[in-house]
Amino acid sequence: MRGLGQWGIRTKVVALAVAGVAVTGGAMAGVSAWQSARSADTTQESVTDLVEVSVARTAAGAHDVVATQGQSTAARVDSLLAVALDVLADSGGLAADDVGRAHAAAVELDGLSQELTRLLAVFTV
């Protein structure tokens with residue numbers, strides 16, 4: 001049996017190989033962890049930038065759609081108002097007396113409505 005200081009060449013080579021593999025593995029694990037953390041930070045920054053750009057692009061698109069719809073609605077209202085003013089002008093315009101007639105017609109219609117309500121009440125009893 002050999003003493004502690006009498007290792008053979010085979011044992012020394014195996015020990016050296018095991019130590020080399022362990023040191024290399026430890027170094028690779030350390031570098032890998034360092035690169036993973038760096039990569040995670042870079043990825044987080046990239047994703048944040050992409051999300052900000054995407055949100056800005058979506059908001060700009062929504063603004064454009066709403067603005068276009070508002071302009072379209074305003075143009076339609078302007079067109080309908082022009083037609084209404086043209087029809088009003090062709091029919092002689094609007095005078096203060098016409099407002100009185102419109103009110104009288106509304107009162108008459110309200111009176112007819114009340115009369116119909118009374119008649120319906122009589123016939124449904």
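This is a predicted model: local features need pLDDT of at least 70, side-chain atom pairs count only at pLDDT 80 or more; totals for chains, interfaces and linings use all residues.
Trainee: Why is Phe 123 called exposed?

Mentor: Phe 123, which is found in helix α2, residues 96–124, has a relative accessibility of 68%; exposed means over 50%, so Phe 123 counts as exposed.

Trainee: What makes the patch of Asp 41, Glu 45, Asp 49 and Glu 52 negative?

Mentor: Asp and Glu count as negative, and like charges are joined within 9 Å, so the surface patch formed by Asp 41, Glu 45, Asp 49 and Glu 52 is a negative one. Of these residues, Glu 52 has its place in helix α1, residues 9–90.

Trainee: How do you know that the span of α1 is close to the expected one?

Mentor: With 82 residues, α1 would be expected to span 122 Å at 1.5 Å a residue, and from its first C-alpha to its last the helix reaches 119 Å. After α1 comes Gly 92, with a positive phi near 105 degrees.

Trainee: How much of the protein counts as buried?

Mentor: Buried means under 20% relative accessible area, and 1% of the 125 residues count as such. The protein, which has two helices and zero strands, exposes about 10700 Å², with 68% of that area supplied by carbon and sulfur atoms.

Technical notes. Residues are numbered from 1 along each chain as its sequence is written. Side-chain values use heavy atoms; hydrogens and water are left out. Patches are made of residues with over 30% relative accessible area and no salt bridge: like charges are joined within 9 Å, nonpolar side chains (Val, Leu, Ile, Met, Phe, Trp, Tyr) within 5 Å. Accessible areas come from the Shrake-Rupley method with a 1.4 Å probe; for residues, only the protein chains shown count as cover. A salt bridge is a side-chain nitrogen of Lys or Arg within 4 Å of a carboxyl oxygen of Asp or Glu. The place of a charge is taken as NZ of Lys, CZ of Arg, CG of Asp or CD of Glu. Helices (H or I, at least four residues) and strands (E, at least two) are DSSP runs, numbered from the N terminus. Buried means under 20% relative accessible area, exposed over 50%, partly exposed in between (1.4 Å probe, protein chains only). The expected span of a helix is 1.5 Å times one less than its number of residues.
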